[in-house]
Structures are given as C-alpha cells and as structure tokens.
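Hi everyone, thanks for coming.

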Amino acid sequence: MGAAARADAAVSRSARKGEQRSQGSGGPSRAPYPANHSTRTRRPQFALHSHHPWGPAETSGGMQQRCLAVLLAALLARQCLGKTLRADGAVRSGAKEEPHPPPEPSGAEPAKAPDGLFGSKGDACSACKFLATGSCAMYNTCICYATNSFFEVMGVPSPTDKENWHWACGNEGGDKYELCFSVNEHYEDTFGDKKDPNKPKCPV
C-alpha cells in the first residue's frame, strides 16, 4: 500500500469517528460553559430611592424651611425698599409731605324733583359737577354724563312727567348717556372751570 493510500484511509477513519460522535450526542458538539457562568438571565438592578430631575428629592421639612426663608427675605426687602423710597422723597422735597385737604365744590347743588330725580339735563350735570369737584378722587377720574330714564312705550298712555334725569361718571351705560361739558383741555378742566397748570386744584 502506497503513502497516498494510507493517507486516504486515515482521513476516512477520522470522518467516521466524527459522525459517530455526532450521532451519539444527538447533534453537533458544543463547547461547555465556563465554571463561573450562570445560564439564568440577569435582571437589571434598580435603586430603591427616587431620582429628582433637578437633583436629590427634598423632604417636606426642608421645603418648608426654604419657603419660610424666601418669605422672610421678601418681607425684609419690602420694608427696606419702603424706607428708602420715603427717605428719598423727603430729601428731594426738602420738607415733610403735608396732607392735601379736599377742594371746595364748584357751583351749587341743584334740588331734585318730587320724584327724587332731576328735572333737566342741566340739573343732573350740575349735581355731578358739585359732587365731583368736592373730592380729589372724583375730580381726577370723573367725566360727567347725564341720561333721561323716560322712554316712550307703544300702547302705554304717555305720562305727564317726561324729565327723569340721572348723572354718572362715564358713559358705560350706553348711547343714551350724553356728555355734560364740552371743554378746551388746554385751559379748562373736565367740568368747564378754568385751570392753572402751575397751581392744580388736585395735584396728582
């Protein structure tokens, strides 16, 4: 037997032994696992404490202390700012601020009709002017309007009293309210009286 024949016989024997091993084990052989390898699936470990997105979570006591500190700081800042503003105003004026008394009303207060309303638009506007010019709060905010509350209704007998006038500081009531005083804003106030820019009736 030559060398080539002996090599072919050796290869055939090796192939037959491999097939016998595969049939005896039921499939291709697998490498064994290492001694320290575990076939169980590992589960991720989660921390027992929660994570705050902006940092560690605070306890209720810590949050209360922080809120109290912020509140106290705000109160102190407000007191300091108020003292600073009052001191600054006193320094600029050079004297203590004196209270401004209410001004004297302009004109005379008209009498009402027996029904408790005013008998004309002029009377209603005069009443508005008298009351508004006697108070700086109203003087600086009130614009006198008047309206007649009498409206004709079809099918209802017309009453003898058709003049039932009211006044108001503004025309928010609707188009039925008419402006009392048309004035020149450069020389007159909203009630038709002349004004002195250097000596206002009610300084703001």
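Predicted model: local features only at pLDDT ≥ 70, side-chain atom pairs only at ≥ 80, totals over all residues.

Residues are numbered from 1 along each chain as its sequence is written, and side-chain values use heavy atoms, with hydrogens and water left out.

So, how many disulfides does the structure hold? There are 4, a disulfide being a pair of cysteine sulfur atoms within 2.5 Å. Take Cys125 and Cys180, joined with an S to S distance of 2.1 Å. Cys125 sits in helix α3 (residues 121-132) and Cys180 in the segment after β3 (178-179), so this pair ties together parts 55 residues apart in sequence. Helices (H or I, at least four residues) and strands (E, at least two) are DSSP runs, numbered from the N terminus.

Next, Cys136 and Cys202, with sulfur atoms 2.2 Å apart. The torsion about their S-S bond is about -80 degrees, so that disulfide is left-handed. Are these two buried or exposed? Cys202 is buried at 5% relative accessible area, while Cys136 is partly exposed at 22%. Buried means under 20% relative accessible area, exposed over 50%, partly exposed in between (1.4 Å probe, protein chains only).

Then there's Cys142 with Cys169, sulfurs 1.9 Å apart. That link is left-handed, with -85 degrees about the S-S bond.

Leu72 is partly exposed at 47% relative accessible area.
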